[in-house]
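This report describes how parts of a protein chain are held in contact. Please keep the sequence and the model in view while reading.

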Amino acid sequence: MFATSTHTEEPPAYFSLDAPQKYIEKGDHGKETPDDVLHFINPTQDSISSLALRYSVPSVALRKRNNLYADHLLAARKTLLIPGEYYQGPSLSPEPIDGEAEEMRKAKIRRWMIACKVSDYDIALLYLDQAHYDVDSAVETYLSDEKWEREHPLTSSSKGKSAPNRSRRKFGTQTGISGQL
């Protein structure tokens, strides 16, 4: 009645939802891949899955291109790269008010402040302006200035203001209010 098979085939294995999904990269590996698209993140609206739907890009590809191992890491970002293998159109996000060049300048200022452990914005601007916004050069200049200041500490001189003489009274010798008039 039923034909019996002499070889036994096992059914395909189910994949675990916890295991990372693999994806096949589009495009020929011999050709140059197109440029990635820069997306400015709106923290109230954007998530990995919503961006994957908007750009028609697999969420796994978005995570891999931006080194995001979990979706909640997106909250710490201001921008996200959309892989050029999957999307070649314009960015679907509005540009920031200041523009992309201003965002790059602010990012360099933040990098300098973190590298030098300086919280003063004006000092960061001073060093970066002198270095024409080359962060490595500005950090090197700041560190050499700090080293020079440690090697040449300020010494007090006899000129200028000195500590006030506390032995003198400012008012008369009497202790009452009449002595002050």
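## Terms and basis

A salt bridge is counted where a side-chain nitrogen of Lys or Arg lies within 4 Å of a carboxyl oxygen of Asp or Glu. The model is a predicted one, in which local features need pLDDT of at least 70 and side-chain atom pairs count only at pLDDT 80 or more, while totals for chains, interfaces and linings use all residues. Residues are numbered from 1 along each chain as its sequence is written, and side-chain values use heavy atoms, with hydrogens and water left out.

## Salt bridges

Helices (H or I, at least four residues) and strands (E, at least two) are DSSP runs, numbered from the N terminus.

How accessible are the partners? A residue is called buried under 20% relative accessible area, exposed over 50%, and partly exposed in between (1.4 Å probe, protein chains only). Arg 65, at 37%, is partly exposed, and Asp 36, at 27%, is also partly exposed.

Another salt bridge links Asp 46 to Arg 54, whose closest N and O atoms are 3.3 Å apart. Here Asp 46 is buried, at 11% relative accessibility, whereas Arg 54 is partly exposed at 38%. Arg 63 and Asp 71 also form a salt bridge through their side chains, at 2.9 Å from N to O. Arg 63 is partly exposed at 24%, and Asp 71 is partly exposed at 41%.

## Nonpolar cores

A nonpolar core is a set of buried Ala, Val, Leu, Ile, Met, Phe, Trp, Tyr and Cys residues joined through side-chain atoms within 4.5 Å. The largest such core has 15 residues, and those with the most contacts inside it are Val 57, Leu 62, Leu 74, Leu 80 and Ile 82. At least two residues of this core come from each of helix 1 (48–55), helix 2 (59–65) and strand 2 (79–82). Helix 1 provides the largest share, 4 residues.

Which residues does Leu 62 touch, leaving aside its neighbours within four places in sequence? Leu 62 is in contact with Ile 48, Leu 51, Ala 52, Val 57, Leu 80, Leu 81, Ile 82 and Pro 83, where contact means heavy atoms within 4.5 Å. A second, separate core has 14 residues, including Val 118, Ala 124, Ala 131 and Val 135.
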